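Work through the following exercises on salt bridges with the structure open beside you, and try each task before reading its solution.

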Amino acid sequence: MNGHIDEPTLNEYLEGALDARQVERVDEHVAGCEQCRDRLGRQTGLLAELADLPREAEPARDLWARISRQIGSGAPTGADVIPISRGPARLRHRITLSLGQLLAAGVVLALLSGAGVWATLSRAPERGLAVGVPTAPETAVSVAALNDYEQAAFDLREVLTRGKELLDPATVQVLEENLETIEAAIAETREALARDPASEVLVQRLATNLRRRLEVLRHAASVVYAES
Amino acid sequence: MLTTLIAGGLAVLTLAQQTDTIIPARGATRLDLENRGGQVIVHTWDRDDIQIRAEHSSRTMVEIDRLGNVIEIEAEARRGPATIVDYELTVPRALDLNIEGMFTTVTIEDADGAVEVETLEGDINIRGGRGSVIAESTNGEVTVEGAQGRVEVSSVSRGVRVSDSSGEILAETVSGPVILQGISATSVEAGTVSGRVEYEGTIEDGGRYVFGTHAGRIVLTLPAGVNATVALASLTGGIGADYPGAPTEFERRERTTFTLGTGSARIEAETFSGGITIRRAGGG
């Protein structure tokens with residue numbers, strides 16, 4: 001074999017589409033060529049990741065129950081359509097809900113919920129979203145906003161938890177590691193805020209970190225949706 | 001209704017090993033491409049044609065469809081494992097591009113239309129783009145150079161970089177640096193949770209520039225003659241400035257505010273643990 005293995009041949013090799021003689025020639029070349037051996041290793045790993053992605057997942061009963069409650073009596077029959085105008089590109093299409101798309105419905109509802117809370121959090125610094133500062137007149141609004149946020153974050157995390165088997169494990173690991181990074185930042189900010197509850201800067205940082213967590217969770221949920 | 005063009009060389013292609021064809025753009029305004037795994041490289045030219053080269057296995061089919069003014073490209077595997085396709089496209093310079101991928105790296109060179117790229121695993125590199133340039137990778141570095149308009153770049157686990165760009169800039173990640181260089185923008189928002197933030201660019205009168213990180217340093221390199229109200233806050237790090245009109249010493253307190261020139265623009269920089277530095281461009 002002259003030169004290196006070309007890309008199509010490598011793909012055919014990985015898919016088992018070459019005849020025995022061709023396979024033998026590739027094997028011989030790879031044995032003596034570090035560059036092609038590395039390429040083969042990378043392609044094999046990538047194909048394994050792609051092939052391992054499950055195509056279906058059963059939604060949890062409690063998730064469906066909650067979705068049903070949120071949808072109300074007008075449960076989807078396969079023709080309900082929710083237009084999505086914000087969020088990742090994959091969600092900018094018109095999404096049809098059906099009984100067979102419960103997980104996806106959960107994602108959509110959680111995303112919509114998250115979007116509303118996002119808007120509230122975006123105004124948080126001006127409205128005094130200061131956990132542990134119960135004196136400001138707008139505190140009631142702030143606490144309500146925080147409760148909404150926590151519920152939205154919980155819903156979105158639930159979607160990730162239930163749907164993570166749809167995703168490549170490496171992707172799940174990346175998402176969870178970065179969520180941990182944000183959680184650590186939130187915890188550190190909360191601790192500092194407990195020591196200095198009047199700090200406007202800490203309130204700002206807390207709101208920023210909460211927003212970022214919600215954004216990553218929404219992104220994760222949209223990825224689950226795309227794979228469901 | 002999806003229209004599949006068969007005439008004129010635009011067809012559903014089933015070629016062994018490699019697809020290599022040129023189709024007339026015929027006034028198309030956008031190209032949509034979805035790729036599950038592999039790489040996508042997009043060049044531009046002044047012709048009203050689209051050249052599509054793709055390397056893939058013989059069991060993979062590259063479908064090229066047209067829906068109104070939108071050209072759609074997607075590969076399908078007839079059976080077996082999911083598809084890896086390496087694309088190299090050459091498209092009209094002003095064509096809008098919308099590229100989505102899973103395990104896909106994307107490189108776009110000299111685009112002059114709107115660009116939107118989203119990938120799960122893989123780096124994104126964009127040179128050019130006008131009007132709206134959006135690039136998002138979950139696990140990949142995002143780099144945009146020479147964009148004009150609304151520029152939104154984000155990652156989760158890697159750094160994001162924007163250079164020599166103008167308009168409005170939004171750059172975010174969770175773990176990694178945010179680096180903005182050669183920026184001429186009226187609005188900039190740059191944030192990360194764990195990583196440094198660097199900005200080198202103009203400050204326009206009336207503009208708004210917000211930089212934040214939880215754990216990392218913020219470095220702002222500004223041209224001479226800035227008119228801005230500057231608010232800096234570092235909870236546990238130091239603040240330093242080497243810029244005409246800025247204080248030379250900062251007391252450790254909640255937030256430090258000072259005015260440069262007329263104070264027309266607003267600059268905010270906050271970090272929980274990390275220092276903040278303001279310096280003049282060219283000042284060493």
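A residue counts as buried when its relative accessible area is under 20%, as exposed when that area is over 50%, and as partly exposed in between. The model used here is predicted.

**Exercise 1.** Classify the surroundings of B:Glu152 and B:Arg150, which form a salt bridge.

Solution. Begin with the distance: the closest N and O atoms of B:Glu152 and B:Arg150 are 3.1 Å apart, and the cut-off for a salt bridge is 4 Å. Next, take the accessible areas: B:Glu152 has a relative accessible area of 26%, so this residue is partly exposed, and B:Arg150, with 31%, is likewise partly exposed.

**Exercise 2.** Describe the salt bridge between A:Arg212 and B:Glu172.

Solution. The closest N and O atoms of A:Arg212 and B:Glu172 lie 3.8 Å apart. This pair crosses between chains, with A:Arg212 in helix α9 of chain A and B:Glu172 in strand β15 (residues 166-172) of chain B. A:Arg212 and B:Glu172 are both buried.

**Exercise 3.** State how many salt bridges the count gives over all chains.

Solution. Applying the 4 Å cut-off, the count over all chains comes to 21 salt bridges.

Technical notes
Residues numbered from 1 in each chain as written. Chains lettered and ligands numbered in written order. Predicted model: local features only at pLDDT ≥ 70, side-chain atom pairs only at ≥ 80, totals over all residues. Heavy atoms only, no water. Salt bridge = Lys/Arg side-chain N within 4 Å of Asp/Glu carboxyl O. Helix = DSSP H or I, 4+ residues; strand = E, 2+ residues; numbered from the N terminus. Buried < 20%, exposed > 50% of the residue type's maximum accessible area, 1.4 Å probe, protein only.
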